[in-house]
Amino acid sequence: MTGPAEIPVTLSSSSVFPLGTQDVFAMAEDLGYDGVEVMVTHNAWSQDPVKLNRLSEKHGMPIHSIHAPTLLFTQQVWGSAWNKLAKSADLAREVGAEVVVAHPPFRWQGNYASGFAEGIRQIMDATGVLICVENMYPWRAGGREATMYLPHWDPVPEDYDYVIWDFSHAAIAQENSLDAFRSLGERLRHVHLTDGTANGKDEHMLPGDGDQPVAECIEYLGETGWDGAVCVEVGTRKTKYAGEREEMLIYSLEFARHHLAAGAARSASGGDPDHDQDTDQDTVERSPLP
């Protein structure tokens, strides 16, 4: 059984947007994170292994994961869908990252979608990098659900070897994340730490501010000796004063470490991770920087 110190808490470059890829390394170092996740975007630094390795070494921040450019706003990055995943896996290997984060195929990517599970296995076999498929959510318009992802937005019942879980996406889909964690078992290899509500918006709130059982889930990871990384992916672009972004990211880091430690402590005392636990999300206070 591993302890909480062995579950790294990393910072996604999307958490510092609109700041650039270069900034996430310095901020992660300053705030005491264990590493970073780089989202590949139009930013040239996010695509260059030489520059990324230089930043990683300079700031002492290992790159734990690469987020492939499979979002709508990165459709023009790296060409075809398969090329995006292959280049992301190559980039991950060159910078020493263990994981590539990928979204499920969009509905208009028919051929890509039909062979998606087998295709990512082939890339994993060729590169030794784990490709984790992220849970998404239904898109609704005019009271109807639009089919945006194939075969589905929910990766739990699909034939994927590895899955990443995002609490904000789970909130939109009105899924119970703790049930999903238990169902996924060892297939769960990466977590985006955030929160949200069932209002149809991808809010990426601070953990504990939404309606997902985030604290319980993070404690479950600590209690079960989970083998993965918790990556903070919260929205900070609407900050209103100097230092607010840092406050939000410090809070998220402390939230993760507190609940990982609580879960590990319960395991050490003989607790049962498969029973619901009462958790206190308010034990991590949001206080201004000194």
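Notes on the model. This is a predicted model, where local features need pLDDT of at least 70 and side-chain atom pairs count only at pLDDT 80 or more, while totals for chains, interfaces and linings use all residues. Residues are numbered from 1 along each chain as its sequence is written, and side-chain values use heavy atoms, with hydrogens and water left out.

Entry on R121. I started with E118, whose side chain meets that of R121 in a salt bridge (3.8 Å, N to O). The two are separated by about one helical turn because they are three residues apart in helix 5 (residues 116–127). Helices here are DSSP runs of H or I with at least four residues, strands are E runs of at least two, and both are numbered from the N terminus. I then checked cover: E118 is partly exposed at 44% relative accessibility, and R121 is buried at 18%. For these words, buried is under 20% relative accessible area, exposed is over 50%, and partly exposed is in between (1.4 Å probe, protein chains only).

R121 also meets D159 in a salt bridge, at 2.8 Å from N to O. D159 sits in the loop between strand 7 (144–146) and strand 8 (163–166) and R121 in helix 5, so this pair ties together parts that are 38 residues apart in sequence. I also noted a network of salt bridges that links E118, R121, D159 and D161.

Entry on R266. Which residue does R266 form a salt bridge with? I found E219, with the closest N and O atoms 3.0 Å apart. R266 is in helix 9 and E219 in helix 8 (residues 214–224), so the pair ties together parts 47 residues apart in sequence. R266 counts as buried at 16% relative accessibility, and E219 is buried too, at 4%.

Entry on H190. Is H190 buried or exposed? I have H190 down as buried, at 1% relative accessibility. H190 is placed in strand 9 (residues 188–193). Its side chain makes a polar contact with the side chain of E37 at 2.8 Å; such a contact is a pair of N or O atoms within 3.5 Å, and within protein one must be able to donate a hydrogen and the other to accept it, with residues adjacent in sequence counting only if both atoms are side-chain atoms.

Notes. A salt bridge is a side-chain nitrogen of Lys or Arg within 4 Å of a carboxyl oxygen of Asp or Glu.
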